[in-house]
Amino acid sequence: MSSPSLPIPNHPFPRPFDSLPVSIWEEDFSAVKQYIEGLRASGVQDFQSYFAQQPEAVTYAAGLIRVRTVNQATLELFGAADEPTLLANLAMIYASPTNNVLAHEMIAIAEGATRFEGEGINYRLDGLPLNVQIRWSVAQGAEDDYSHVIVSVLDITSRKQAELALQHRIAFENLISAISTRFIKLTSSEVDIAIQEALGEIGQFAGVDRCYVFLLTSDEKLMNNTHEWCAAGIEPQIENLQNLPVDILPWWMSKLHRLENIHIPRVADLPTEASTERELLQSQDIQSVVVVPMLHETTVLGFIGFDSVHAEKTWLDEEIKLLRMAAEILTNALVHQRTEAALKAQRDFALLVVNTMGQGLTVTDARGRFEFVNPAFARMLGCAPEQLIGKSPNDFTFESDHGALEKARMQRSRGETTTYETRLKQAQGGEIYVMITGVPRMIGSQMAGSVTVITDLTERKRMEDALAQARDQALEASRLKSEFVATMSHEIRTPMNGIIGMTELLLESSLSEDQREFGQIVLSEAQSLLNIINDILDFSKIEAGKLLLDIVDFELTTLVEGVVELVTPRANLKNLSLMCFVDPRTPLRLHGDVGRLRQVLLNLVGNAVKFTERGEIVVQANLLSITDTQVALRFSVQDTGIGIKSSAHQYLFQPFTQVEGGITRRYGGTGLGLAISKRLVELMGGEIGVESTEGKGSTFWFTVYLKQVAHSEPVLADPLSPNLRGLKVLVVDDNRTQREILQNYLNAWGMPGTAVSSGREAMQALQRSAETHDLYQLVLVDLVMPGMDGFDLAAEIRADPRLASVRLVMLTAYDEKGQGERALKAGFLAYLTKPIKQSRLFDLIATSMQGWRGTSPTPSSPPHRAKSTSPLSQTGALRSGKLLLLVEDNPINQKVALTQLQQLGYAAEVANNGREAVEVIHDVFRAGNRYGLILMDIQMPEMDGYTATARIRSLEKEYGLHTPIIAMTAHAMKGDRERSIEAGMDDYLSKPVQLEMLRDMLERWLAEPL
């Protein structure tokens, strides 16, 4: 096509279809039309033959076409900057090696066609070929001279490529299908040759230089090149690639084990982590490679690789999928080959086992006749195997046992496996006891026979008879032993009770110093002996199976803290730090044998004190899991004692066992405590164990599963009254464990705080809080600390005017005489003796922070029994029933309560615990008087508030009186109010007790103050 001048102005089709994304040309074919008419006039009639014989005529005719204009899409298609550039290079665009499209176009014009469609090749101005579809039609009104022709040029390159790819893929699929069909009927001996041929076919089709199979060894540590095909001129590598360590290809094998394909279009571009693979491939001049895993189920057996040596090659995803199909075909063939070999080996092995096994084995047909018997069965009956073939099991079964044989045969006919014991007759007239297990041989729903295994029980029967006799003798001996031990233990306990009782009475009498010392020694040794007898009695009950659990409701905190309180004096004598912790998430009330739990826990804590010379002991009860009905707890006792070597752990829980004799001589004991504890824990459905290192201490633990009392709340559920929530507390203690316990309780109570290990750190923390105006309200201070003790720290705090509002509480391990008064003088509001109990800690905090959002109470000396400033008025108040009794063990709490009562106009006396309150009230009743009201603390030593209330109510029944009793507690445990009312109290006050709350309570229960 030749390029004309610019388009004629005002022609009827100026730049048509510019807005379309399709290439559009506006052309003038009139010169072509005239040229063809001239050929016709010269006698040419068969234009197809003419143009076929005169290809230059086609080119000449095409050059007569005049291009008027093109749209923007055309310029973009051919890469032209503008229209003149495109039209000036039409010869380049149409430089096609195929002229048949142009020839058909000229023939169409010669035949009078006004439309034409064909496909051919054009070229962009940058030289890239384009597959195009050409469509043209003569514009309306120009049918005679073809002066205006609209031509569309559609780029179909992508479609053509897709068609070629589809043709390639179909051909590849046909090849894979043919290979698959070939492998269907192969025997195992033909598999290797078929794999070799398949690799060649795939390699030639794909145009690669090498195809190969690598298989991993069974341990996946080595790999071997088992099959290889190479193109002409490519050096085979199979002999050099045997027994290669798998770890030489870490990146490669990692991808295969993730079941990924490996496609490397350019080896030089492999990532850094594949440097080993890159070096290995480059050493073989490989440019590109693709590898697919050989999978059997989810196991990688090996891989198939395809190398391109002469040129780089990129594989399409569809091609790689087909390669994976090929890998699957080859893998199945190899697995089949291996399976066939394995089956042969298994058959040989099975025959060896059957012929050498000690048990008899038989195979019978549908009529029950022996088809096969192994040598062992023949030996059982005393004959040769061939003598049994064709015979029936009935021939060797006693007539009395034929029923069992027939029953088993009927069961096997229904497809069931049978096992039964019977006797068989031997050829020489003897008999043997056997166990016969029969499995049916089924063909469809019909039984084709049975396979049976016969075990000779003759010797076992003899042993069972002997063992049964020995067992009966042992059980009788055990019963007699348990009865003897239990009887002797009871017999010994009777005089021991007399010895202990009379010795206690003796010590109450007038004795000389030596006599008193001798009597105390007798009492101590008698109590030790009684403890040993109790252990033996418990153990004998366990052995005899007569120990039963006594299931009751109990409080976990009371149990744990009570055990710790019992052993505290012994720990104090050895200067040991004794601590306890009860998980705040644990339900308050549980259902179990509290007595046995206490026994186990007391045994473990007692052992810890016994075997610990210095350091600390930590007793914990932690929540493992909880459901609506059941609670799993883990109790642990950790010490810093002598520890236990690991080889001795297995003997710890055995009866009458100590780790070694030296320990027995030094520490004493029968070795029954842990054995009894183990039995008790197991009786409660739990387990017990130890973690210990010699010289570094031990942790004994046990778990139990207990029932949760209906509607029981956690130990520390919602404990705070609003005025204490958010209280900022600083804990100062050099013992890390004690700090953690305190912080855990404080967090559960909603009291944010910090814990530090020394007085100096405490001062720094307090000074920082003062500088940031976020001051701590309360500081819990350990008394004994290195460097700066609690008294020194209190002095520094009180010396800083910025810390004047900070309240101090002292924590001490030993309640020495005069220590409380010294603490108050040093600036402490109160002190608490370790080990710390939850309820007492909260009670103390609540009392110490009385009015902390308003005016702070002034600490004073701890009162014991309040004395009247006006004895006559107090006596008169008592006689008139208007004197109050305050029952409180904490000196600070006493002072606060008495001060409040005085401000409200009430007179009161103080009882320091529940026992003292009962005694005082009894005296008052006998004198014909009574108190107007009793304020009763709950948690107290010697006798708590619940017990004291019960005793008082009992006395009131005797005297026909009733005194209002108001419970006062820190409300550290949910349910205190309900328990107080159930215990016989009339009302309830939650600490810290506000003055107005106290006034309302007293006015409710008393007519008027004194």
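Q: Which strands does helix 23 lie across, and at what angle does it run to strand 27?
A: Helix 23 (residues 790-799) lies across strand 24, strand 26, strand 27 and strand 28, at about 175° to strand 27. Contact here means heavy atoms within 4.5 Å, and angles run from 0 to 180 degrees between N-to-C directions of axes fitted to C-alpha atoms, for helices over the stretch in contact. Helices (H or I, at least four residues) and strands (E, at least two) are DSSP runs, numbered from the N terminus.

This is a predicted model, where local features need pLDDT of at least 70, side-chain atom pairs count only at pLDDT 80 or more, and totals for chains, interfaces and linings use all residues. Residues are numbered from 1 along each chain as its sequence is written, and side-chain values use heavy atoms, leaving out hydrogens and water.

Q: What makes strand 27 and strand 28 a pair?
A: Two strands pair if DSSP finds at least two bridges between them. Five bridges join strand 27 (residues 807-812) to strand 28, and the two run parallel, so they count as a pair. Leucine 811, for instance, has leucine 832 of strand 28 as its bridge partner.

Q: Why are strand 25 and strand 28 called edge strands?
A: The open sheet has five strands in the order 25-24-26-27-28, with parallel pairing. Strand 25 (753-756) and strand 28 (828-833) each pair on one side only.

Q: Why is valine 353 called partly exposed?
A: Buried means under 20% relative accessible area and exposed over 50%, with partly exposed in between (1.4 Å probe, protein chains only). Valine 353 has 33%, so it is partly exposed. This valine 353 lies in helix 12 (residues 317-356).
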